[in-house]
Amino acid sequence: MKRNKARILIVDDEEIACFTIEEIVSPLGEVKTAQNKKDALEVAKEFEPDLILLDIYVDKDNGFDIRQEIIEFLPKVTIVYITTTESLALDAYKNGGVDFITKPINFDLTFNRVKNILELSSSRRQEFVSNNRLCYALD
């Protein structure tokens, strides 16, 4: 079954950050939020997001560790890290992030980054489906 709207999960222990990012990205898809590791894992399993915007520090937990647990059941999910400092950018990329967003949140930059990432992810999924169809047709 094909979904028309992208699914976006925002994981940040700061309620205002979740609210702000949700307001920015909600025109791009269906959005859910989580403010701790336990909720992030539960929502990710149930919601099966296309994109997770994941704070590097979530309460007492490390966002990189949360990602490791999520990719065990959602190996192809796209991760964009949220951080307060660009000094963690390299760590974000080394830990499977395709991009990062810094706080304070820049509305236009965040909207356009997420929009572009979702478009690229959608193209990649469509290519994967097309390739699978071709493989089956050749069998």
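Author: Let's start with E48, which lies in the loop between α2 and β3. Please keep in mind that this is a predicted model.

Reader: Why does E48 count as partly exposed?

Author: Its relative accessibility is 43%. Buried would need a value under 20%, and exposed one over 50%. E48, at 43%, falls in between, so it counts as partly exposed.

Reader: What is noted about the phi of E48?

Author: The phi of E48 is positive, about 50°, although this residue is not a glycine. D59 also gets a mention: it is not a glycine either, and its phi is positive at about 55°. You will find D59 in the loop between β4 and β5.

Reader: Why is V58 called buried?

Author: V58, found in strand β4, has a relative accessible area of 0%. The cut-off for buried is under 20%, so V58 is buried.

Reader: Which residues is V58 in contact with, leaving aside its neighbours within four places in sequence?

Author: They are V11, D13, Q35, N36, K37 and I66. Take N36 as an example: it is 22 residues from V58 in sequence, while their C-alpha atoms are 6.0 Å apart in space.

Reader: Which residues of helix α3 are buried?

Author: In α3, residues 63-73, these are G63, F64, I66, R67 and I70.

Reader: What puts them on the same side of α3?

Author: The arc they cover around the axis is only 150°, which is why they are on the same side of the helix. They pack against α2, β3, β4, β5, β6 and α4.

Reader: What does N62 do at the start of α3?

Author: One of its side-chain oxygens reaches to within 2.6 Å of the backbone nitrogen of F64. A polar contact needs a pair of N or O atoms within 3.5 Å, and the distance here meets that cut-off.

Reader: Which residues have the most contacts inside the largest nonpolar core?

Author: V11, I52, L54, I70 and Y81 do, in a core of 21 residues. At least two residues of this core come from each of β1, α2, β3, α3, β6 and α4. A second, separate core has 17 residues, among them A6, I24, L53 and I101.

Reader: What does I70 touch, not counting residues up to four places away in sequence?

Author: I70 touches L41, A44, I52 and V77.

Reader: What makes the peptide bond from K103 to P104 cis?

Author: Its omega is near 0°. P104 sits in the loop between β7 and α5.

Key:
Residues numbered from 1 in each chain as written. Predicted model: local features only at pLDDT ≥ 70, side-chain atom pairs only at ≥ 80, totals over all residues. Heavy atoms only, no water. Buried < 20%, exposed > 50% of the residue type's maximum accessible area, 1.4 Å probe, protein only. Helix = DSSP H or I, 4+ residues; strand = E, 2+ residues; numbered from the N terminus. Arc of directions from axis to C-beta. Contact = heavy atoms within 4.5 Å. Polar contact = N/O pair within 3.5 Å; in protein donor to acceptor, adjacent residues only side chain to side chain. Core = buried A, V, L, I, M, F, W, Y, C linked by side-chain atoms within 4.5 Å.
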